[in-house]
Amino acid sequence: MLGKAFICIVAALRFGHVTTRGKLFLIETKGDGETEDIGENEEDGDIKDEAESPSAGKDEIGGGNLMTWTEYHPLKTIDAYVNYLTKTFPDWVSTEVIGDSFEGRSMRVLKVCRGGCGASAEASKPAIWLDGGIHAREWISPAVVTYMMMELVEHDSSHPHLTKELDWYFLPNANPDGYAYTTCDGKMSVDCPSRFWRKTRSCDPEDKNPESESSHKSIGGEEYGCEGADPNRNWDIYWASGRESSTNSSAKNYPGTGPFSEAETRNIRDLLWKNKKDIKLVDSIHSSGSLILFPHGFSECENGDCINKPDNIAA
């Protein structure tokens, strides 16, 4: 069963003229082994196939659907699509708010479960977790996750075994504050001054770094550097021990003040932990590179030597 789902995921990671990067790992080993992500010359805007949801064009108000894959969308359109799927397929699609981001945005997970999810399920099934946008500037990532949501739910009749044999959890944007910042609050312009911001938008009260690469915020009348953290490196497995982490809070790969210092990673952690008996695969979608990267990102393994070790087998 997992083999079929694995093939589906890998196939969905590449469509049209767009390639994305999936990173697979067990829940206990959310590592960060990755190549450099997008730069200013990336070409990630040509999504050619399945240009829109079959029902696109309906009024967005009340959970309608304006989702397409010919352009990038602000958070409100992504959230509206989650609402739309939940209201259109209420018997087996639901939404769970797993918490708020640092700036107070709701993090909403789309759950696709026939017969109920988790502890409320009629029968336990293996589950798959997919998240996008953990690096804010990788706009293609939430686009791919919403595309996969559309394919799985709206085209269920083409592959019914994927929802009969598996449960699915989708978090279209794992870093909503950062994403909003890169879009200039939804303007979706490549000319947005903060277009290439990558981290969260949290503020460390101890950090008054005048060289902050981000804008400062006033907290209690004092100005603080709000440089955020790289949520991809904010997990508790060998936190800050890899070659790709920096102790400089201004760096794009700064892992935070400690494991799970970021609200966003805590929210994801709690949902995964609550469903740890059922979730068998965690796939975090990135951009730049046609790669599937296994744990561990902090290790020195080369040439696939790590893949067959017992604690690295994801599917």
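## Burial and the basis of the model

Here, buried means under 20% relative accessible area, exposed means over 50%, and partly exposed lies in between (1.4 Å probe, protein chains only). This is a predicted model, in which local features need pLDDT of at least 70, side-chain atom pairs count only at pLDDT 80 or more, and totals for chains, interfaces and linings use all residues. Residues are numbered from 1 along each chain as its sequence is written, and side-chain values use heavy atoms, with hydrogens and water left out.

## Salt bridges

The structure holds 11 salt bridges, each a side-chain nitrogen of Lys or Arg within 4 Å of a carboxyl oxygen of Asp or Glu. In one of them, arginine 108 meets aspartate 79 at 3.9 Å, N to O. Arginine 108 lies in strand β4 (residues 106-112) and aspartate 79 in helix α2 (residues 75-88), so this pair ties together parts 29 residues apart in sequence. Strands (E, at least two residues) and helices (H or I, at least four) are DSSP runs, numbered from the N terminus. Arginine 108 is buried at 15% relative accessibility, while aspartate 79 is partly exposed at 29%.

Arginine 198 and aspartate 230 also form a salt bridge, at 2.9 Å, N to O. Arginine 198 is buried at 4%, and aspartate 230 is buried at 0%.

## A buried glutamate without a partner

Where does glutamate 262 sit? Glutamate 262 is in the loop between β8 (222-225) and α6 (263-274). Glutamate 262 is buried yet has no salt bridge, and the nearest side chain of opposite charge, arginine 266, is 6.3 Å away. For charge, Lys and Arg count as positive and Asp and Glu as negative, with His and the chain ends not counted.
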